Amino acid sequence: MTDNILLKNNIAGLEAYFACGGYKPLKKALGMKPAEIIEEVKKSNLRGRGGAGFPTGLKWSLVPPDALGQRYLVCNADEGEPGTFKDRELILKNPHALIEGMTIAACAIGAAHGYIYIRGEFAAETEFLNKAITEARAKGFIGKNILGSGFNFELFTHRGAGAYICGEETALLESLEGFKGQPRLKPPYPALKGLFSSPTVINNVETLAAVPSIIERGGEWYAALGTGKSGGTKLFCVSGPVNKPGVYELPLGTAFKDLLEVNCGGMKPGKVLKAVIPGGSSTPVLTAREASAVKLDYESLAAAGSMLGSGGVIIIDDTQCMVRLLQVLARFYHHESCGQCTPCREGCGWLEKILNRLEEGTASHRDIDLLYSVAEGMTGRTICALADAMALPVMSFVTKFRGEFEAHAAGRVCGK
């Protein structure tokens, strides 16, 4: 069993963080060249933990080293993916790992200013994080001339207004600049033209919090904890009818069966596993048989037809109606669409209407094929991935649990 890297015992306070070796990696990083820091992160196979899984070191290296003017580092703490609650846990239990990771990342890309864009509903968490930032500044870990190195880095928090779309990095940048949170056309990409039209790197909380351990113990050590191209550990948020729901830190490549049976204590008495959404609500569903055979890493889940995503593992038991669950998801995505792209704005609305008819017993069998067809027509045709986030679950639900949709179209109670 691998020791926890991110979720150690509660080390929210600065003194507790010091006792665990906190800020020693920062001192080490300040003595390294920026390219050396980036190379170590590349070796680690650390991939973005926000959902897309883009290699972190590669993302940092895309910032032109000779770029003139300001460069920015932004932390995406706008945790709005249904079924996901790990970044909030990190902020409350290990905020200095995030602060230290951001300072190291800023050193690597030459950023003098950083922002933590945090979900608007996280009022208490923002206050908690601001307290940790104040502690770090008082000790010289952020601010001017950090630890006498000559490197300057200021860090600020910024609360969003509760829009799911601002979890998309360019919509986040728009919101941070004071505009309506809508995704930007790409290219140009943020590494070249991001916040205030300057080179910008955006990573999420879990990604940045892993950086100090990588610098302290080396990229090869971190890579060896995972498997293949999926380095290190991952936080999994488990919700649903299990005996011990919660956040678990496990090496990438851990079998889903081990997460369910060993860590979560199995299903609650009388509950039978029916399906699993493995990476937050925007990832395709797996049947119980598929989930029981899969490993929890980027490549294995992709091969199984789903995604690791944010690591939000939603457990579904055999008493749940898949049509009703999909209807709830459709209502969420329809509400959260920014409306900029027609396939998403109209498509999410059409999907919700069809699912409402199915749930109300007023649909026909043709509506099932229409549901799939509309979803299929939404994929890959919008500026950001929100349309796909709705369409992919629809297509997987209909394909794998079509019998339940047929029952609803026939006016029967699901499963009867």
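Q: A cavity is a set of points on a 1 Å grid over the protein atoms alone where a 1.4 Å probe fits but cannot get out. How many cavities of 30 Å³ or more does the structure hold?
A: There are 2 cavities of 30 Å³ or more in the structure. This is a predicted model, in which local features need pLDDT of at least 70 and side-chain atom pairs count only at pLDDT 80 or more, while totals for chains, interfaces and linings use all residues. Residues are numbered from 1 along each chain as its sequence is written, and side-chain values use heavy atoms, with hydrogens and water left out.

Q: What about the second largest cavity: which residues line it?
A: The second largest cavity contains about 70 Å³ of space. Its lining consists of Ile165, Pro183, Ser337, Cys338, Gly339, Gln340, Cys341, Cys344, Thr382, Ile383, Cys384 and Leu386.

Q: Turning to the second largest pocket, how much space lies there?
A: About 200 Å³ lies in the second largest pocket, a pocket being an open set with protein on both sides within 12 Å along at least five of seven lines. Of its 13 lining residues, Ile277, Ile314, Ile315, Ile316 and Leu325 are the closest to the centre.

Q: Which elements give two or more residues to its lining?
A: Strand E11 (312–317) and helix H15 (322–336) each give two or more residues to the lining of the second largest pocket. The largest share, 4 residues, comes from E11.

Q: New topic: what order does the open sheet of 4 strands have?
A: The order is E3-E2-E1-E4, with parallel pairing, where two strands pair if DSSP finds at least two bridges between them. Strand E3 (154–159) and strand E4 (200–204) are the edge strands, each pairing on one side only.

Q: How many bridges join E1 to E2?
A: Strand E1 (residues 72–77) and strand E2 (residues 113–118) run parallel and are joined by 6 bridges. Asn76 has Tyr117 in E2 as its bridge partner.

Definitions and conventions. On a 1 Å grid over the protein atoms alone, a cavity is a set of points where a 1.4 Å probe fits but cannot get out, and a pocket is an open set with protein on both sides within 12 Å along at least five of seven lines; lining residues have an atom within 4 Å of a point. Grid points are joined across faces, edges and corners, and a volume is the space filled by probe spheres set on the points.
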